[in-house]
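I opened the structure to look up its fold, its charge pairs and its surface. The entries below follow the order in which I looked.

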Amino acid sequence: MTETAPMTPAETALSLLFRKLHPHLEDAAHALAQGAARRDLERLHLKLITARLKTVELLEAAAETLPEDAPLAETLDTLAANLTPVGESYRQSLVLTQLCLEEAPAELLPHAPEGCVAGSTWGARMTDFLAHLRDPDFQARRRWEAVAEDIGETEEE
């Protein structure tokens, strides 16, 4: 029996993004293509917010394992801050989440072991996602413009 090495903090972050958050983007795209009802989109928004909160918690925990001044710690802290929900609408949440998935690989892969993408459970999903970004209709703002702006909006008091 072979033991798998524990993931590095960079691998953990990529895994969280592409195994935990990416499926929520795909669920949203599928729901929009099927003409989902508003209440279904609101339910998907709550699921995305929950997943983002859990991801932030795990990113912060991964950052705590690193020296405070390590460049990767700063990257993980910034990613966690960018993913922290702040009462945004569903459309804004989708755009913010996708932008994090678009930008994070370039910042995280230099800190990950060489060859980790090919041997991972998240690598194929990340590679496919990044390849789709060549299509202008897949860009975050254009991809999610069909989501009504007021879905999931909360009023700040």
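The accessible areas come from the Shrake-Rupley method, and for residues only the protein chains shown count as cover.

I noted that this is a predicted model, where local features need pLDDT of at least 70 and side-chain atom pairs count only at pLDDT 80 or more, while totals for chains, interfaces and linings use all residues. Residues are numbered from 1 along each chain as its sequence is written, and side-chain values use heavy atoms, with hydrogens and water left out.

**Fold**

I looked up the secondary structure and found six helices and zero strands. Helices (H or I, at least four residues) and strands (E, at least two) are DSSP runs, numbered from the N terminus. In sequence order the pattern reads α-α-α-α-α-α. The radius of gyration is 16 Å, close to the 15 Å that the globule rule gives for 157 residues, so the protein is as compact as a globular protein of that length. That radius is taken over C-alpha atoms, and the rule is 2.2 Å times the number of residues to the power 0.38. I also noted that the C-alpha trace spans about 45 × 35 × 30 Å along its principal axes. Of the 157 residues, 40% are buried.

**Salt bridges**

How many salt bridges does a search of the whole structure find? I got seven, a salt bridge being a side-chain nitrogen of Lys or Arg within 4 Å of a carboxyl oxygen of Asp or Glu.

I checked Arg-143 and Glu-26, which form a salt bridge with the closest N and O atoms 3.1 Å apart. Arg-143 lies in helix 6 (residues 140–143) and Glu-26 in helix 1 (residues 9–33), so this pair ties together parts that are 117 residues apart in sequence. Arg-143 is buried at 14% relative accessible area, whereas Glu-26 is partly exposed at 33%.

Next I took Arg-52 and Glu-88, whose side chains meet in a salt bridge at 2.5 Å, N to O. Arg-52 is in helix 2 and Glu-88 in the loop between helix 3 and helix 4 (90–108), and the two are 36 residues apart. Both residues are buried.

Arg-38 and Glu-42 also pair, at 3.1 Å from N to O. They are four residues apart in helix 2, hence separated by about one helical turn. I found Arg-38 partly exposed at 40% and Glu-42 partly exposed at 32%. A network of salt bridges links Arg-38, Glu-42 and Asp-150.

**Negative patch**

I then looked at the surface, where Glu-60, Glu-64, Glu-68, Asp-69, Glu-74 and Asp-77 gather in a patch of negative charge. Patch residues have over 30% relative accessible area and no salt bridge; like charges are joined within 9 Å, and nonpolar side chains (Val, Leu, Ile, Met, Phe, Trp, Tyr) within 5 Å. Asp and Glu count as negative, Lys and Arg as positive, and His and the chain ends are not counted. The place of a charge is NZ of Lys, CZ of Arg, CG of Asp or CD of Glu. Helix 2 (38–64) and helix 3 (71–83) each supply at least two residues of the patch. Glu-60 lies in helix 2 and is partly exposed at 38% relative accessible area.

Conventions:
Accessible areas come from the Shrake-Rupley method with a 1.4 Å probe; for residues, only the protein chains shown count as cover. Buried means under 20% relative accessible area, exposed over 50%, partly exposed in between (1.4 Å probe, protein chains only).
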